Amino acid sequence: MIPVTSAPVSPDLLSLASAAQDLLFREAHTAHAFTDEPVGEEAIAAVFDLIKYAPTSLNSQPLRGVLVRPGAARERLVELMNPNNRAKTGQAPLTAILAADLDFHETLPRLVPHLPNARDFFADPKTRHEGAVLNAALQIGYFVLGVRAAGLAAGPMSGFDAEGVAKEFFPDEPYRPLVVVNIGHPAPDAFRPRAPRLEFTEVFRTV
């Protein structure tokens, strides 16, 4: 296989300061281990206050979540994680279960006041489900960036029993769990070596 190479791109082409680019992207890694320094709810509230401006279709904002601290609830969550995700989930100072609200359309009259009939656009359950998952996933990406912007590390995982998590943490709510994110200050051995990334020319083409 011929290796794919591309010319280096100057960070000066971006408006964001180079240090912020490193914090959010270049030097940021998925974390697999954390210190025991606690993460307060106010830190996550600050993260949310930043990432709530993420774009979603019709301003739908279907992301929902629960913050799980060490204790009995965390132990129940650990049992629902895939085996390779259990130790780090049990050790993290804070874990967020992020889900899509499959009935997000109920809030549209408040979120889209200029379209009184916005709720009707998602009357079909299949369309509503697809919209919920797509837009919540978009918000989750912003959430990870927000955690990094707070000087914390994030360890997002999709390896868990989604049905079991829904029953355990959202028993009376129409939420579909999508990602579990461990959050905290990274331990010295938190990061694995950077894996390869695709190059621009492998991802994009101009027409």
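1. A salt bridge is taken here as a side-chain nitrogen of Lys or Arg within 4 Å of a carboxyl oxygen of Asp or Glu. By this rule the count comes to 8 salt bridges. The model is a predicted one, in which local features need pLDDT of at least 70 and side-chain atom pairs count only at pLDDT 80 or more, while totals for chains, interfaces and linings use all residues. Residues are numbered from 1 along each chain as its sequence is written, and side-chain values use heavy atoms, with hydrogens and water left out.

2. K167 and E163 form one of these salt bridges, their closest N and O atoms being 3.3 Å apart. The two residues are separated by about one helical turn, because they stand 4 residues apart in helix 7; helices (H or I, at least four residues) and strands (E, at least two) are DSSP runs numbered from the N terminus. K167 is exposed, at a relative accessible area of 57%, and E163 is exposed at 55%. The classes are buried under 20% relative accessible area, exposed over 50%, and partly exposed in between (1.4 Å probe, protein chains only). Between the C-alpha atoms of E163 and R86, which lie 77 residues apart along the chain, the separation is 17 Å.

3. How do helix 3 and helix 7 pack? Helix 3 (residues 72-80) meets helix 7 (residues 162-169) at an angle of about 160°, with the axes 9 Å apart. Helix 3 is therefore roughly antiparallel to helix 7. Axes are lines fitted to C-alpha atoms, for helices over the stretch in contact, and angles run from 0 to 180 degrees between N-to-C directions. Angles under 35 degrees count as roughly parallel, over 145 as roughly antiparallel, 65 to 115 as roughly perpendicular, and the rest as oblique. The crossing of the two helices is right-handed, meaning that the near helix is turned clockwise from the far one by less than a right angle.

4. A salt bridge between E168 and R76 has an N to O distance of 2.5 Å. Since E168 lies in helix 7 and R76 in helix 3, the pair ties together parts that are 92 residues apart in sequence. E168 is partly exposed, with a relative accessible area of 33%, and R76 is likewise partly exposed at 38%.

5. L58 is partly exposed at 29% relative accessible area; N59 is partly exposed at 33%.

6. L198, F200, V203 and F204 make a nonpolar surface patch of about 480 Å². Patches consist of residues with over 30% relative accessible area and no salt bridge, like charges being joined within 9 Å and nonpolar side chains (Val, Leu, Ile, Met, Phe, Trp, Tyr) within 5 Å. Accessible areas come from the Shrake-Rupley method with a 1.4 Å probe; for residues, only the protein chains shown count as cover. L198 lies in the loop between strand 4 (175-184) and helix 8 (200-203) and is exposed at 62%.
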